[in-house]
Amino acid sequence: DMTDLPKAVRDDLVRDLLPPLLTPVRSLTADHGATVKQVWRLFDGVPDLLDYLGRSGIPWGIVTNKIESLTRPIIEAADLAESAACVVCGATLNESKPHPAPVSLACGIVNVAPAATLMVGDDLRDIQAGKAAGTQTAAVFYGYGSPELEGDIVRESYPIHHPADLVELIERNHAEYRRKQ
């Protein structure tokens with residue numbers, strides 16, 4: 001039988017053999033200390049994307065399967081609580097992604113029709129939930145990006161390899177919308 005290495009040995013191996021790839025910003029505890037999460041800085045380009053959305057008056061929100069006691073501290077530590085138009089967590093409803101209900105609820109909270117909404121996700125469940133709710137979808141292939149992001153449903157989504165791709169997509173779609181008016 002194989003067993004896992006003790007935590008202290010794993011930590012020593014990681015520290016000695018692997019270069020640091022991310023810098024934690026803050027440690028958060030939830031569930032009375034039973035759960036500890038590290039908050040990392042936002043991916044390069046995300047602050048610019050969020051600034052663009054704010055300047056453009058485009059509401060954005062978060063739909064996650066994480067429970068609220070883990071989600072809220074992360075959002076607050078990343079200083080996103082004031083700018084997010086909505087946050088729908090895993091236990092907000094009886095259903096979670098890939099069910100469309102959380103995405104539909106977010107659309108209702110921000111008062112934007114699903115067809116005029118872009119669901120951006122790095123996991124297959126995000127894309128499935130967005131499609132089922134009737135939104136446009138964008139598959140994120142940077143950062144955590146799920147290895148399951150493949151198949152027809154993903155190919156029918158906008159591919160996003162950097163947050164700047166979302167700005168370009170929004171501007172292109174907005175210009176196309178204005179031409180049709």
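A polar contact is a pair of N or O atoms within 3.5 Å; within protein, one must be able to donate a hydrogen and the other to accept it. The exercises below concern a predicted model.

**Exercise 1.** Determine whether Lys97 is buried or exposed, and which backbone oxygen its side chain reaches.

*Solution.*
1. Lys97 is located in the loop that joins strand 4 (86-88) to helix 4 (101-110).
2. Buried means under 20% relative accessible area.
3. The relative accessibility of Lys97 is 9%, so this residue counts as buried.
4. Its side chain reaches the backbone oxygen of Val63 at 2.9 Å.
5. Not counting residues up to four places away in sequence, Lys97 touches several residues, including Val63, Asn65, Met119 and Asp126.

**Exercise 2.** Describe the open sheet and identify the strands that stand at its edges.

*Solution.*
1. The sheet consists of 3 strands in the order 5-6-7, with parallel pairing.
2. Strand 5 (118-121) and strand 7 (158-160) each have a single partner strand, so they stand at the edges.
3. On average, neighbouring strands are turned by 25° against each other, direction ignored.
4. Strands 5 and 6 pair over 4 bridges, and Val120 stands opposite Ala138 in strand 6.
5. Helix 5 (residues 124-133) packs on the sheet and touches strand 5 and strand 6.

**Exercise 3.** State which element gives the most residues to the largest nonpolar core.

*Solution.*
1. This core has 20 residues; Trp60 is among those that touch the most other members.
2. Helix 2 (46-56), strand 6 (136-140) and helix 7 (163-180) each give two or more residues.
3. Helix 2 gives the most, with 5 residues.

How values were computed:
Residues numbered from 1 in each chain as written. Predicted model: local features only at pLDDT ≥ 70, side-chain atom pairs only at ≥ 80, totals over all residues. Heavy atoms only, no water. Core = buried A, V, L, I, M, F, W, Y, C linked by side-chain atoms within 4.5 Å. Buried < 20%, exposed > 50% of the residue type's maximum accessible area, 1.4 Å probe, protein only. Contact = heavy atoms within 4.5 Å. Pairing = 2+ DSSP bridges. Axes fitted to C-alpha atoms, helices over the stretch in contact; angles between N-to-C directions.
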